[in-house]
Amino acid sequence: MTSRLALRQVEIGLGAFHLAIDVELQTGCVGIFGPSGAGKTTLVEIIAGLRHARKGHIALDEDVLADVENRKWIPPHLRRIGYVPQDLALFPHLNVRGNILYGAPKTVDVSEPSFDSLIEILGLEALLDRRIAALSGGERQRVALARALNAKPRLLLLDEPLTGLDQDRKDNVLEYLRLLRQRWSVPMIYISHQADEMADLCDEILVIRDGKLVVRGRAADIFEPAERPAWRLKRTLCVSPEQEHVERA
Amino acid sequence: MDSSSDLQLTANDGHAIVLTLVSALLAVLVDLAPGVALAWLLARKTWPGKSIVETLVALPLVLPPVATGLLLLDLLAHNGPLGGVVDVVFTWKAVAVAMAVMSFPFIVRGARLAFEAAGDRPEQVAATLGASPLRVFFSISLPISWRGITAGAVMACARALGEFGAVVLVAGNIPGVTATISTTMYNDILTGHDEHALLLAAISIALAFALILTGEQLLRRALP
Amino acid sequence: MKIGMLAVLFLLGALAAHAADVAVYAAVSLTDALKAIAPKFEAATGDKLVFNLDGSNVLALQISKGAPADVFFSADEAQMDKLQKAGLVDAATRKDVVFNRLVAIVGANSTLQLTSLADLARPEIKHLALADPRSVPAGVYAKQYLQDAKVWDQVEARVVPTQNVRAAMAGVESGNADAGIVYQTDALISKKVKIAFALPESSKVRIAYPAAALTHAANPDGAKKLVHFLQTDPDARAIFAKYGFIVGPPANGK
């Protein structure tokens with residue numbers, strides 16, 4: 001399942017920071033790649049409606065989400081765009097079940113098959129009554145995913161979903177993400193500063209640097225494997241040796 | 001001087017104790033909704049003139065209580081701007097009003113710190129999950145920050161219990177009607193009834209203990 | 001059970017409407033005397049007294065802002081004058097009800113023998129407690145006396161000014177001050193001080209406690225009755241005297 005996300009002449013200004021982008025995406029899974037501070041999170045906040053762009057026009061399929069010149073803006077709770085931030089922001093006062101059910105559309109029955117299959121895909125049956133504080137890093141990540149997906153979003157934004165996890169956990173969660181891609185089929189935008197995660201997950205990659213979109217293409221055209229199992233930007237795209245890619249944590 | 005009855009509580013003393021307690025609780029209750037709402041706005045939003053609002057809220061903390069009492073008296077006196085609308089001065093209601101004004105900054109502070117510490121991320125995520133701003137406030141913002149809000153309310157109540165300067169100007173020291181524990185104590189000291197003042201002080205301390213213990217119990221409920 | 005009773009008392013107090021209350025705004029120093037006089041007044045007239053007790057200046061401020069007082073009984077003539085000038089006092093009812101005098105006190109266990117104002121300049125008096133001579137009436141009067149006795153210049157450096165007379169007395173009680181000048185009525189309250197001598201009559205210093213009915217009184221008849229009662233009733237006069245006030249001859253004064 002894909003949807004068309006159009007970011008027309010979008011400009012973001014945050015003090016001295018500036019990002020300009022003009023792109024139309026057919027999202028199955030689109031990766032946004034770039035160093036920290038490049039503006040990836042800000043861009044995604046704007047898509048979710050959590051921040052205002054200074055200029056530009058944002059549309060998802062037929063719906064105009066924001067149009068600065070014409071003063072049009074849909075608030076986040078009406079956009080049906082799911083967002084899993086880097087720090088997850090799970091609700092500490094609700095248990096796992098409460099978190100996941102928070103965004104369930106009113107018309108949906110809790111016992112609907114989709115809730116059950118979501119729990120099954122992400123392996124959360126045993127955790128439903130746990131408190132958030134009692135979960136491990138990988139478990140929290142999966143709960144955050146389930147919470148976002150249970151609200152039936154038409155686009156899912158994932159901000160650095162594997163940051164802070166050790167290698168085993170990363171592999172584990174990545175497996176779940178692949179499973180979700182296969183069985184849940186929701187369009188995704190995936191942000192990371194590490195190439196290996198998005199290399200086989202994403203259909204298309206956008207590389208952002210210095211407030212601009214510098215290149216877009218398929219993963220195979222943009223990343224190459226390095227000696228030790230690590231991916232990096234093709235040399236042709238690196239401006240300086242320091243910008244060669246990071247290794248695995 | 002007849003001090004043999006100094007260590008007994010009179011009916012007026014009983015009235016003062018009940019009045020002090022009831023007014024303090026009432027003051028905090030009245031302050032809660034507007035205080036918490038304002039705290040959320042101060043924590044999350046900016047607008048032109050925000051620092052003026054912050055200063056106004058902090059005034060009762062910074063001004064001498066007597067000054068605040070004088071401003072209230074000017075406002076609420078029968079020949080003042082609000083005097084025709086509400087009849088409050090020199091009745092028990094003035095005690096609650098003075099306490100509410102003096103305690104308001106504590107409610108706002110406690111709640112604001114709690115909201116700031118919790119950050120707006122959970123609220124943002126809740127919005128993306130389809131919750132309207134009102135639903136977000138009641139189902140996410142408040143429950144996450146209730147401990148800071150409660151701590152602020154306990155502080156506000158403690159402040160109200162001990163309030164003197166503002167109360168005495170706007171409510172008077174009318175034994176059996178508006179006299180509080182503080183004003184009765186002060187009266188006792190000025191007329192040489194030191195032991196009776198100490199008795200009331202002991203009761204004040206007992207009330208304070210009860211309040212703080214209740215607050216601790218509330219806050220000790222396991223973190224969700 | 002007691003809490004329940006107190007709660008009921010509170011409610012009753014709030015609900016009760018006494019048909020003939022007289023609202024008396026009286027200086028704090030008159031508290032004990034007035035509380036003893038109140039039942040006598042009620043027995044004689046049927047009217048109940050409701051007090052607001054505070055410093056005379058605070059009471060005057062409240063009255064000037066429209067507080068619902070029937071009678072103002074002040075410890076400071078200047079405050080009564082202020083209200084009278086503002087037209088808030090029924091001048092015809094104004095009477096000096098009682099007077100006070102200043103006395104010099106020392107600690108109850110002190111061995112100092114002081115008999116006159118000149119003795120206050122003696123070197124043994126290292127600290128002299130006075131209510132602030134710049135602002136508190138008792139202190140202002142004390143300074144006047146000391147200036148008239150030509151002693152002020154010698155004691156000025158040793159004066160410990162306090163916020164009110166009670167605090168001055170506390171200074172002597174605690175031994176922080178070797179002597180102090182307070183009202184006779186204050187000195188009689190404390191067991192920890194003794195009166196060394198009374199300051200002599202002076203034409204310049206007149207410590208009068210005027211009472212008057214107020215022009216906006218809700219109960220003007222009750223107000224007039226009270227002022228008259230305080231001036232003339234023998235039991236009331238006796239109570240004032242017991243608490244150390246000077247009771248002038250009846251129907252005297254302004």
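Helices (H or I, at least four residues) and strands (E, at least two) are taken here as DSSP runs, numbered from the N terminus. Counted that way, chain A holds seven helices and 13 strands. What you are looking at is a predicted model, in which local features need pLDDT of at least 70, side-chain atom pairs count only at pLDDT 80 or more, and totals for chains, interfaces and linings use all residues. Residues are numbered from 1 along each chain as its sequence is written, while chains are lettered from A and ligands numbered from 1 in the order in which they are written.

Let's stay with chain A for a moment. A residue is called buried if 20 or more other C-beta atoms lie within 10 Å of its own, exposed if 12 or fewer, and partly exposed in between, with C-beta atoms placed from the backbone. Of the 249 residues of chain A, 39% are buried by that test. Two residues are in contact if their C-beta atoms, again placed from the backbone, lie within 7 Å. Take the contacts in chain A between residues at least 6 apart in sequence: 67% of them join residues at least 24 apart.

Now for the cores. A nonpolar core is a set of buried Ala, Val, Leu, Ile, Met, Phe, Trp, Tyr and Cys residues joined through C-beta atoms within 7 Å. The largest one has 106 residues, and B:Ala98, B:Val170, C:Val71, C:Phe72 and C:Leu214 have the most contacts inside it. Helix H4 of chain B (residues 92-118) gives this core its largest share, 17 residues. A second, separate core numbers 72 residues, including A:Leu19, A:Leu50, A:Leu94 and A:Ala144.

Leaving aside residues up to four places away in sequence, C:Leu214 touches C:Ile63, C:Ala69, C:Asp70, C:Val71, C:Phe72, C:Leu88, C:Val89, C:Asp90 and C:Ala223. In chain C, the domain assignment (bounds from an automatic or database source) gives domain 1 as 16-99 + 207-242 and domain 2 as 102-198. Their C-alpha centres lie 29 Å apart.

Finally, follow chain B to its meeting with chain C, where 28 residues of chain B are in contact with 25 residues of chain C. On the chain B side, helix H1 (11-44), helix H7 (165-171) and helix H8 (181-190) each supply at least two residues, and H1(B) makes the largest share with five residues. Ala, Val, Leu, Ile, Met, Phe, Trp, Tyr, Cys and Pro count as nonpolar, Asp, Glu, Lys and Arg as charged, and the others, Gly among them, as polar. By class, this side of chain B has 16 nonpolar, twelve polar and no charged residues.
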